[in-house]
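Open the model in your viewer and keep the selection panel at hand. Each stop below says what to select and what is there.

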Amino acid sequence: MRLRAAPLGAALMAACLLMPARAQLPTLGDPSDMAVSAERKLGERVARELYRDPDYINDPVLDEYVLEIWTRLLAAARTRGELTSELDDRFAWQVLLGKDRVINAFAVPGGWMGLQLGLVNVTVTRDELAAVLAHELSHVTQRHISRLMTQQSRQAPMMLAAIILGALAAGKSPDAANAVIAGGQALAMQNQLNFSRDMEREADRVGYGVMTQAGFDAQGMVSMFEKLQQSARLNDNGSFPYLRTHPMNTERIAEAQSRQQLQARAPAAPAPDLVHSMMVGRSRVLSNPGMDGLRAYAAEADGPQAAASDRWRQVGILYAAALASTKLREPAAASRLVARLQAATAGDARASRTAKLLAAELALAAGDATRAAGMIDPADNHRPEVMLLSQARIQSGRAADAAPRLQTWVALHPRDAQAWQLLGAAYTAQGQTLRAIRAEAEVQVAHLDYQAAMDRFKAAQDVARKSGGGGDHIEASIIDTRARAVASLLREQALER
Ligand SMILES: [Zn+2]
């Protein structure tokens, strides 16, 4: 993620000057217990910065796709006993997407996972993506991160978080990295944060077991490794941070191959999945390709590739072309392309649904919110549909219809920042200021920014006081309760500095 270089550098310096040599961590009964809670808290600091990063991307369609793979891997890790119930309960197990085009995925302390769209862009099958996620997941379940952190335990949590963020920034543009790691001490420690060769082999072995248990094709691991190694050979300019943190070598590839041969092969390798191909198309367009890149994607739909190649390839090309045309503000071209996409996906239920969602998204982007809303079944309970329909209703002047659906949604998913944000917009449209401010506070809580949340809760309390007896008493009392809860989270954070 592109972490702003200057403030982060400043944070590092501040940490050097102000932090005590040894962190005062809360003492619990069991030493390993403490490590789990300390790792989780450290992860929260890092994750909070990742949410603030301009590269962080909240995309319900890609989120759902990645989450489906991730959920299957977690279930397999539980079945195999790799994921203990303690870690399961206390870690976040959330994947954060970044729209950087570098090929990178990384595990953060506390069970957060960063996945850059650049990595999604180079995959051909879902199995390849699953292989990378399974490998990262295994670094966490095998407590590799905890071991690296223990080696650094003389550092205060704030310093450690700054070092991790510096290491992540180093995976981005070289300039940002240089600014961040200017301090020699920080650089030396950052090097110690790299996984050892043994850890890499263990993550490969455990990850292999997890991904195959989850029903993914192990061939994905072999082809992904080969792809990463090839990229490294072609690009020696440091734009592949995944390889720096997870050095790929022929030995690891050979091990993956031999494991894969031990598994009974499926009779024929299945053709790449249509939905995966569409998700790669989406990822490529959303990972900031620039105007020329967008034009190239849009033009590909009429190029030789689209005419000659396989159905899965065509579908991916059409999806990317339709989305790119929308980004280029060419709605007529986009709707022609999405019609071709719908014809090309007919007969495949999952692919048709993905194409229909895109059609609704394009209608909304073209300013036709009423038509977009009409394309989505109001009873559909999938997150992308719920979010898109809510957005379309708010934009077409039907905020009163959007709010109840979103209220139900956040009751079930209280940490869904986007749902809170839409709910806030729906309340604003209806003139319900108090509820709108509270929704904005909840967006900040979901992104772990408790100070920003507190500022909004206080603003809401001011509004409630000023409106006196005529206000929304139930909402005002909810706000007081939530403000107290967040205040205690803030106090906890202040203690562990
Ligand atoms: Zn690794």
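This is a predicted model: local features need pLDDT of at least 70, side-chain atom pairs count only at pLDDT 80 or more; totals for chains, interfaces and linings use all residues.

Residues are numbered from 1 along each chain as its sequence is written, and side-chain values use heavy atoms, with hydrogens and water left out.

**The sheet**

Select S1 (94-98), S2 (105-108) and S3 (residues 112-116). Strands here are DSSP runs of E with at least two residues, and helices are runs of H or I with at least four, numbered from the N terminus. The three strands form an open sheet in the order S1-S3-S2, with mixed pairing. S1 and S2 are the edge strands, each pairing on one side only. Two strands pair if DSSP finds at least two bridges between them; S1 and S3 have 5 bridges and run in the parallel sense. Show Val 95, and opposite it in S3 is Met 113.

**The largest pocket**

Keep H3 selected: with 6 residues, H3 gives the most to the lining of the largest pocket. A pocket is an open set of points on a 1 Å grid over the protein atoms alone, where a 1.4 Å probe fits, with protein on both sides within 12 Å along at least five of seven lines; lining residues have an atom within 4 Å of a point. Select Asp 63, Leu 67, Gln 94, Arg 383 and Arg 415, which lie nearest the centre among the 28 lining residues.

**A salt bridge**

Finally, select Glu 39 and Arg 143, which form a salt bridge with their closest N and O atoms 2.7 Å apart. The term means a side-chain nitrogen of Lys or Arg within 4 Å of a carboxyl oxygen of Asp or Glu. Glu 39 is in H2 (residues 31-52), and Arg 143 is in the loop between H6 (126-141) and H7 (144-151), 104 residues apart. The whole structure has 32 salt bridges.
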